[in-house]
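Here is a friendly briefing to read with the model open beside you. Please have the sequence at hand as well, so that you can follow each stop along the way.

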Amino acid sequence: MENRRIKWGIIGLGNIATQFASDLVLIENAELTAVASRDIVKAKDFEAKFKSSKVYDSYDLLFEDPEVEIVYIATPHNSHAELSIKALESGKHVLCEKPMALSYNDALRMTEASVKYNRFFMEAFWTRFIPSVQDVLEKIKNGLIGNVNYINADFAFHGSETEHKRLFDKKLGGGALYDIGVYPLFLSYILLGNPKEVLAKAIKHKNDIDLQTSMILQYESAQAVLHASIVSDSEMKAIISGTKGRIELNAPWFVADGYSIFQNGEKEAVFSLPTLGKGYSHEIIECQKCIQNNQIESELWSHKNCLELSQLVEEIKNQINLSF
């Protein structure tokens, strides 16, 4: 594997892109080459903060830039599919924020474009790559807590329609399920795979987005009880129980800086595994490794994984009568 500098472009310059760019500068062989926003003032402010060499007021212009190798797409959910496909068609690798799409069919189109144009594509599920989750998955694989038979995870906070307008905007794919519900679903999926049955119930906003959604995933010999809310808060710990003990990921679990192991009802061990920067750095490292190895998908979060999670989210979307 060659260890050359990878040149990044970022489109959609909001809060998540700011956090991502803050981590990008921590990676020695990563370079922020260009940024784009339909608001040129925002683009210039972003460029001044992170010292990219080029600023565009058009996403298409960034896609056409021959220097940019990979594009991080951090625009609202409803634009992910079309922008990802356009970037892939333009010969760019793509890291697309989660959720990768608002429908399974769009998610399928995105992975098919990756294959067609022979360019790397990954949904930006940063939690998959943080050290705590990597270590927990390895310990569970090695049988430390026996067979996993129960997962309890949530992601919930008090959102405001004035401060978090995008979250409450149906046109942009707002609501609890697609913005944050995908996280606890991801944890259940990565540990137990596809469930046999799904039961989901939601409380809706007057504009028909889901304000909070609760989900039970039924497996052959396990269950996952999951919750997402943009109108109430929680501890945001994740509990993974098995036949020989349990693991608790520190709150907020989706970017946990460590975890504890319990056996026979007692805390046996505590592990501290802080992230590099905010934690986006680990998915950046994975993207660069894959590109340098001429891979079009990650072995840790593959096209198949992206699509199966998308299919699971769509099943819940249909159960709670959510449409975009």
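N294 is found in the loop that lies between helix 8 (281–292) and helix 9. Its phi is near 60°, a positive value in a residue other than glycine. N294 is also exposed, with a relative accessible area of 71%. Please keep in mind that this is a predicted model.

**Another positive phi**

- N264 has a phi near 55°, which is again a positive value in a residue other than glycine.
- You will find N264 in the loop between strand 13 and strand 14.
- Is N264 buried or exposed? N264 is exposed, and its relative accessible area is 77%.

**Cis peptide bonds**

- Between K98 and P99 the peptide bond is cis, and omega is near -10°.
- To find P99, look in the loop that connects strand 5 with helix 5.
- A cis peptide bond also runs from A251 to P252, here with omega near -15°.
- P252 sits in the loop between strand 12 (245–249) and strand 13 (258–263).

- How many of the residues of strand 5 (residues 93–97) are buried? The count is 5 of its 5 residues, so the strand is mostly covered by the cut-off of under 20% relative accessible area.
- H93, L95 and E97 point one way from strand 5, while V94 and C96 point the other way, and all of them are buried.
- Strand 4 (residues 70–73) pairs with strand 5 in the parallel sense, over 4 bridges.
- Opposite L95 of strand 5 stands Y72.
- Strand 5 also runs parallel to strand 6 (residues 121–124), and 4 bridges join the two.
- Within strand 6, M122 is the bridge partner of L95.

**β-α-β units**

- Strand 4, helix 4 (residues 80–89) and strand 5 together make a right-handed β-α-β unit.
- A right-handed β-α-β unit is also made by strand 5, helix 5 (residues 104–116) and strand 6.

- An open sheet of 8 strands has mixed pairing, and its order is 8-9-10-7-11-12-13-14.
- Why is one side of strand 8 (197–204) and of strand 14 (266–272) left without a neighbour in the sheet? Both stand at the edges and each has a single partner strand, so one side of each has no neighbour there.
- On average, neighbouring strands of this sheet are turned by 10° against each other, with direction ignored.
- Inside the sheet, strand 7 (residues 148–156) and strand 11 (residues 238–242) form an antiparallel pair over 5 bridges.
- In that pair, I151 stands opposite I240 of strand 11.

**Helices on the sheet**

- Which strands does helix 7 (residues 176–192) lie across? They are strand 7, strand 9 (210–218), strand 10 (223–229) and strand 11.
- Helix 7 runs at about 160° to strand 7.
- Helix 9 (residues 303–319) packs on the sheet too, where it touches strand 8 and strand 9.
- The direction of helix 9 makes about 55° with that of strand 8.

Notes. Residues numbered from 1 in each chain as written. Predicted model: local features only at pLDDT ≥ 70, side-chain atom pairs only at ≥ 80, totals over all residues. Heavy atoms only, no water. Buried < 20%, exposed > 50% of the residue type's maximum accessible area, 1.4 Å probe, protein only. Pairing = 2+ DSSP bridges. Right-handed = clockwise from strand over helix to strand, strands pointing away. Axes fitted to C-alpha atoms, helices over the stretch in contact; angles between N-to-C directions. Contact = heavy atoms within 4.5 Å.
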